Protein chains: 2
Amino acid sequence: MENFVFYSPTEFVFGRDTERQVGALAVKHGASRVMIVYGGGSAVRSGLLDRVRLTLREAGLTFCELGGVQPNPTDAKVYEGIGLCRREGADLLLAVGGGSVIDTAKAIAAGVPYEGDFWDFYIGRAQVTRALKVAVVLTIPAAGSEGSGNTVITKSATLQKMSLRAPMYLRPVFSVMNPELTYTLPAFQTACGVCDMMIHIFERYFTNTTDVEVSDRMCEGVLTAILKEAYRVRQNPQDYGARANLMWAGMVAHNGTCGVGCEEDWASHFMEHEVSALYGVAHGAGLAVVVPAWMTFMAERHPEKVAQLGERVFGVPVQDDLQEMALGCVSRLKHFFRYMGLPVSFKELGVESPDIPLLVRKLHENKGPLVGNYVRLTPKDTEEIYRLAL
Amino acid sequence: MENFVFYSPTEFVFGRDTERQVGALAVKHGASRVMIVYGGGSAVRSGLLDRVRLTLREAGLTFCELGGVQPNPTDAKVYEGIGLCRREGADLLLAVGGGSVIDTAKAIAAGVPYEGDFWDFYIGRAQVTRALKVAVVLTIPAAGSEGSGNTVITKSATLQKMSLRAPMYLRPVFSVMNPELTYTLPAFQTACGVCDMMIHIFERYFTNTTDVEVSDRMCEGVLTAILKEAYRVRQNPQDYGARANLMWAGMVAHNGTCGVGCEEDWASHFMEHEVSALYGVAHGAGLAVVVPAWMTFMAERHPEKVAQLGERVFGVPVQDDLQEMALGCVSRLKHFFRYMGLPVSFKELGVESPDIPLLVRKLHENKGPLVGNYVRLTPKDTEEIYRLAL
């Protein structure tokens, strides 16, 4: 096990009707003026936004609003938000939505007190040393941004999709999580979220760090629960218990609970970011295409942990040939993704002829000559993996 | 799943040599004058206390000291600490030790700013509304107090062993966890710690709350890891990886990570507290006696979750008769405890003829007419369980 710091000071308020507590929580966490950040129509149509406004007013707080955040959020909305937030003098950014909304709020939170271009943080040209407070009302369990200190933004002009990790500054001060708010998510979006949270665990689970038994077992336990609960939600989208388990799983998958003390991988996420940046697909769907290919590659090159996952989570029978076990794991993973209605190839993703040379070039331009840690992938390797996903 | 709040704002700094960071962490968390709380000789003999003093001095902090905290810590040391802390004007209590030391520090932290008797908090006569900051350098993985907002103190005059839960005020601001500090723990003390952390998970796992799959799987995963790592430590007490896994497991077993959204039980802990209050035995050893008896009782009355534990953690073969499965679980749990060198009966604990009527009377005087939630136990039930432990 490697040395680590685990510091997750977010207050998670979980359950039915918890959005009514938002105003009181904002006051408790020191807000005086709030900027609500939200996306498209569902938070408006469902009445959630009105309920949030009401609870802020009841708590005596004033607020301004930034709507219209899109999936795969871009820099333009961040600049707009930084300007608005400075003019309005807000001191807490309240994200009402999923990962795109939360990540935009985090980018604004880091950008407001910074004199330079917020994009500096995403390309490693500057470090976050202070930020406004961020809080969350979660509507989509997927990105885990409600518990993490991470944010992913795409720069439109260059199609660079980059992530920033600043856990000391960008973890939400509180996150309100009401599973009922997820009842109306379309099945495909639920499936994309399930895939995203599973891969957040994979990125930590696929490690060469030894002596991480507690971490391994927690990863496997949460994955096992996700498989079961995803099936139940597929059967009945309004199953409170199943929705609740998925919502909490999405948080623990990414706040660091799973994977302490491990060197993490992240090759799959980086490879997918190029796909969604270039083709505008849903991140979770892109992952469902990239990850089985990545795993197939690993079955030959470094099958150990894939075989272990297969045995402990997917019920692959134990055998001497680890490569066979690993391929069994890939097969069962694909089967599960298909059951969820996810694509498992570029073709099924609607990208008949991906420009693989361009994907590889941009990947290594953005993320360096070697990508990932479980196996450090060269451009030749990542090209092979993209081809395995055709 | 029940509604819940999960708020664990402790900064965990984990790994080799991390005690060198104590001074810097204390400054970061706003300390100006520290009171070090410690127990007997091992923190002195090992040089740990000297290293902690040095790092505080290097960080420019002044400090005073309260030593001599005993296992099953009592109110006398708390009163002494409250007086010293007030005279010295310390604003951060740094516990260097295990659960007894940390719990004493927490009691002092709550007591210093309170005008009445600190014991009021433990008997429900007053609520904690403020407290000094507590921080930890952990030397014994067992109680989980390094991550929890709980403390257990015994009032000597009445032999009342009572717990206080005040997570908003008594969670440590930081906990430094170096597994190397646990190399020299005697095998019996390591075993008692392993038992204590396992039972912290059991208290959450044995619930009637439905739809807690993520929680169940995390509990089972951490328990599975503990069994493996305890075995490794038994084989080689200086196995860093095994010590590290046990140390982290002890934290997650009790900070709330396992068991969110569940109604918890706590009958076993309450029943054990009477045993250690009356006979002065180690808490972990007392649990190893009480819990198999509690579980045997449950095999007849409410076997479902015991059977599930047996199957998923102890490898009990699945069969139609849940009671048989549950008894299989008890048998394997006892086998494990015996392997670890723990007693599994009053006789093996060295209490040949426990005064069961007195234990039952004090238990229900202190904890109410019904104890626990998995099955709400009457005095007749708890008497039967104590008898099963003879």
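Trainee: Is the crossing of H13(A) and H14(A) left-handed or right-handed?

Mentor: This is a predicted model, where local features need pLDDT of at least 70, side-chain atom pairs count only at pLDDT 80 or more, and totals for chains, interfaces and linings use all residues. Residues are numbered from 1 along each chain as written, chains are lettered from A and ligands numbered from 1 in written order, and side-chain values use heavy atoms, without hydrogens and water. A crossing is left-handed if the near helix is turned anticlockwise from the far one by less than a right angle, right-handed if clockwise. For H13(A) and H14(A), the crossing is left-handed.

Trainee: At roughly what angle do the axes of H13 (residues 304-314) and H14 (residues 322-339) of chain A cross?

Mentor: Their axes come within 8 Å. The crossing angle is roughly 55 degrees.

Trainee: Which residues of H14(A) does H8(A) contact?

Mentor: H8 (residues 187-205) of chain A packs with H14(A) at about 155 degrees, axes 11 Å apart. They are therefore roughly antiparallel (over 145 degrees). From H8(A), Val194(A), Cys195(A), Met198(A), Ile199(A) and Phe202(A) take part (contact: heavy atoms within 4.5 Å). Their partners in H14(A) are Leu333(A), Phe336(A) and Phe337(A).

Trainee: Which residue of chain B comes closest to the rotation axis?

Mentor: A 180 degrees rotation with 0.0 Å of shift along its axis superposes chain B on chain A, RMSD 0.0 Å. The two copies are thus related as by a two-fold rotation axis. At 1.9 Å (C-alpha), the closest residue of chain B is Pro9(B).

Conventions
Copies are superposed by least squares on the C-alpha atoms of residues with pLDDT of at least 70 in both. Axes are lines fitted to C-alpha atoms, for helices over the stretch in contact, and angles run from 0 to 180 degrees between N-to-C directions. Helices (H or I, at least four residues) and strands (E, at least two) are DSSP runs, numbered from the N terminus. Angles under 35 degrees count as roughly parallel, over 145 as roughly antiparallel, 65 to 115 as roughly perpendicular and the rest as oblique.
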